[in-house]
Amino acid sequence: MEKPIVAISTAVNYAGIGIVRLSGPGAIQVADKVFVSPKNKKLEDQKTHTIHYGFIKDQDEVVDEVLAMLMKAPHSYTKEDTVEFNCHGGIHIVRKVLSLLIEAGARPAEPGEFTKKAFLNGRLDLSQAEAVSDLIYSQNDYALKSSVGQLRGNLREKIETIRKAVIYNTAFIESALDDPEHISLDGYPEKLEMDVDIWLATLKSLLDNAESGKILKEGIKTVIIGRPNAGKSSLLNVLLGEERAIVTDIAGTTRDILEETINLKGIMLQVIDTAGIRNTKDAIEKIGVEKAKQYVDKADLILYVIDASDKLSEEDLDIMKLIGDKKTIVLLNKTDLALNVTEEEVLSTINSNKSDIKVIQISAKENEGITKLEETITAMFYDGKISFNNEIYITNARQQSALLEASQSLSSVKTSLEANMPEDFYTIDLMDAYESLGKITGESIGEDLVNEIFSKFCMGK
Ligand code: GDP
Ligand code: ZN
């Protein structure tokens with residue numbers, strides 16, 4: 001017989017709370033073997049999307065005080081019966097709960113098995129599938145970590161705050177419904193409605209930001225600058241691995257700004273090849289130059305190409321002023337020819353106290369030094385040296401859709417509140433919002449999405 005699977009689905013956090021998730025046929029029965037509620041109610045007899053306070057017991061000994069969240073098939077992430085135990089006794093206790101559940105008939109989940117179930121049961125929708133393919137496509141730990149859990153503190157904090165408040169309110173309603181003599185819901189809906197309004201406003205602002213902040217999906221804004229004929233278009237071509245930009249011997253040919261997306265070991269670069277920056281009276285070219293200046297202002301990363309077979313020119317000095325304190329990699333191009341510019345010269349000219357400017361010798365023509373350039377970019381990214389303002393980012397479509405789901409669930413709560421519906425009518429929506437928010441912080445997804453995707457859907461093919 002198929003056994004339910006069980007795993008610790010979050011690392012134990014600072015408050016000592018860890019979640020043990022159990023899912024699959026028979027999950028609720030297994031949960032009931034170790035979970036004891038004060039009124040001895042069985043989880044099996046409870047409605048889906050409800051939370052229950054109680055204890056995990058090993059024989060007669062209390063192991064931990066927990067909240068059990070019940071999600072019945074098909075209303076769970078895996079579409080199968082699911083119980084999540086929020087434990088708070090610290091990592092040893094969480095492990096103990098896990099082993100008790102295994103004793104009771106569950107088996108340890110393989111990495112990624114929850115998501116695998118979700119996939120197989122058709123739980124992941126289009127946008128999620130898209131995000132998953134982004135992840136597979138990106139093939140790099142950073143992007144994976146970012147999309148799953150490595151969110152900047154700000155976002156995580158906002159989501160977690162709402163998520164905690166939502167679960168608190170759900171638990172409160174459930175308790176009041178369980179024990180109406182002691183817990184009163186008088187005046188409660190009005191208060192909840194005010195909270196819901198605040199949560200909705202926060203989610204809306206995050207969603208608005210998502211539009212401008214899809215950095216990993218759309219890429220690091222990278223601008224290639226340099227005087228005409230330095231080799232900008234040639235560089236873009238080698239990065240792209242194809243002849244896309246127009247390369248000519250005539251200075252100032254690249255008048256249109258070319259924009260390409262490049263996947264550099266999973267880090268997306270949105271690369272813009274600007275017209276050569278030069279002081280010119282030529283009207284058409286000037287437009288390009290003005291544009292280039294604007295692009296530099298918006299850039300996350302500048303690739304500044306110098307024709308190192310020539311001396312530094314007046315134009316180069318102008319360009320160096322333009323760079324300001326932008327993250328910059330200086331490329332001494334045309335190393336296949338005799339070099340007339342040195343790294344020291346460049347560094348001292350740009351700004352002596354700007355220590356983290358990187359200088360790399362390349363030959364766009366001979367495809368030399370390009371690997372080093374790519375490694376330098378990825379290293380800067382990993383080290384957090386390329387920063388993307390300090391905005392809050394929703395890093396992918398999956399998070400964005402989860403945010404949207406959460407808003408929709410909360411809007412339903414609001415509608416129910418306005419219509420004076422009974423409390424148990426909207427606890428389902430509150431739970432849905434809780435689950436959706438967890439998907440953003442990675443907590444409803446399972447910690448091993450990374451392994452899941454790779455081990456189950458990629459490596460094996
Ligand atoms: P852009 O105006 O900065 O975009 O420069 P292009 O990429 O159009 O290149 C200008 C000229 O320099 C072309 O003739 C290229 O073939 C040549 N070029 C570009 N990179 C190199 C290089 O690494 N070595 C040599 N020898 N020539 C190069
Ligand atoms: Zn060009």
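**A walk through a predicted model**

I would like to start inside the chain, with strand β8, residues 220-225, where 5 of the 6 residues are buried, so that this strand is largely enclosed by the rest of the structure. Please keep in mind throughout that what we are looking at is a predicted model. Strand β8 pairs with strand β11, residues 301-307, in the parallel sense and over 4 bridges, and within that pairing Ile 225 stands opposite Tyr 304 of β11.

Let me now step back to the chain as a whole. There are 16 helices and 13 strands, and of the 461 residues in the chain, 43% are buried. If we take the contacts in the chain with a separation of 6 or more, 70% of them are between residues 24 or more positions apart.

At the β3 end, strand β3, residues 35-36, pairs with strand β4, residues 50-58, over 2 bridges in the antiparallel sense, and here Phe 35 is placed opposite Ile 56 of β4. Moving one strand along, β4 is joined to strand β5, residues 61-71, by 9 bridges, again in an antiparallel pairing. Asp 58 has Glu 61 in β5 as its bridge partner, and in the hairpin that these two strands form, with 2 residues between them, Gln 59 adopts a positive phi near 55°. At the other end of the sheet, β1 and β7 run parallel and are joined by 2 bridges, with Val 6 having Pro 108 of β7 as its bridge partner.

In α1 the residues Ala 27, Ile 28, Val 30, Ala 31 and Val 34 are buried. These residues cover an arc of only 160° around the axis, which puts them on the same side of α1. The elements covering them include β2, β3, β4, β5, β6 and α2.

Helix α2, residues 91-103, has 13 residues, and from its first C-alpha to its last it reaches 18 Å, close to the 18 Å expected at 1.5 Å a residue. Its buried residues are Ile 93, Val 94, Val 97, Leu 98, Leu 100 and Leu 101. Why do they fall on the same side of α2? They do so because the arc they cover around the axis is only 165°. As a general point, an α-helix has 3.6 residues a turn, so residues three or four places apart point the same way. The face turned away from that buried side carries His 92 and Glu 103, which are exposed. On the buried side, the residues of α2 pack against β1, β2, α1, β4, β5 and β6. Just after the helix comes Gly 105, which takes a positive phi of about 130°.

What do these elements build together? The largest nonpolar core has 35 residues, and those with the most contacts inside it are Val 20, Ala 31, Ala 68, Val 83, Val 97 and Leu 101. At least two residues of this core are supplied by each of β1, β2, α1, β4, β5, β6 and α2. Taking Val 83 as an example, and leaving aside its neighbours within four places in sequence, we find contacts with Leu 22, Ala 27, Ile 28, Ala 31, Leu 43, Ala 68, Met 69 and Leu 70. There is also a second, separate core of 34 residues, which includes Leu 236, Ala 364, Leu 373 and Ile 377.

I will finish with a position that comes from a record. An unreviewed UniProt entry places the feature "binding site" at Arg 21, Glu 84, Arg 123 and Lys 461. Of these, let us look at Arg 21, which lies in strand β2, residues 18-23. Is Arg 21 buried or exposed? With 29 C-beta neighbours inside 10 Å, Arg 21 counts as buried, because the cut-off for that is 20 or more. Not counting residues up to four places away in sequence, Arg 21 touches Val 6, Ala 7, Ser 9, Thr 82, Glu 84 and Phe 114.

Notes. Residues numbered from 1 in each chain as written. Chains lettered and ligands numbered in written order. Predicted model: local features only at pLDDT ≥ 70, side-chain atom pairs only at ≥ 80, totals over all residues. Pairing = 2+ DSSP bridges. UniProt positions renumbered as here; feature names shortened; annotations may be inferred. Buried ≥ 20, exposed ≤ 12 C-beta atoms within 10 Å, placed from the backbone. Contact = placed C-beta atoms within 7 Å. Expected span 1.5 Å × (residues − 1). Arc of directions from axis to C-beta. Core = buried A, V, L, I, M, F, W, Y, C linked by C-beta atoms within 7 Å.
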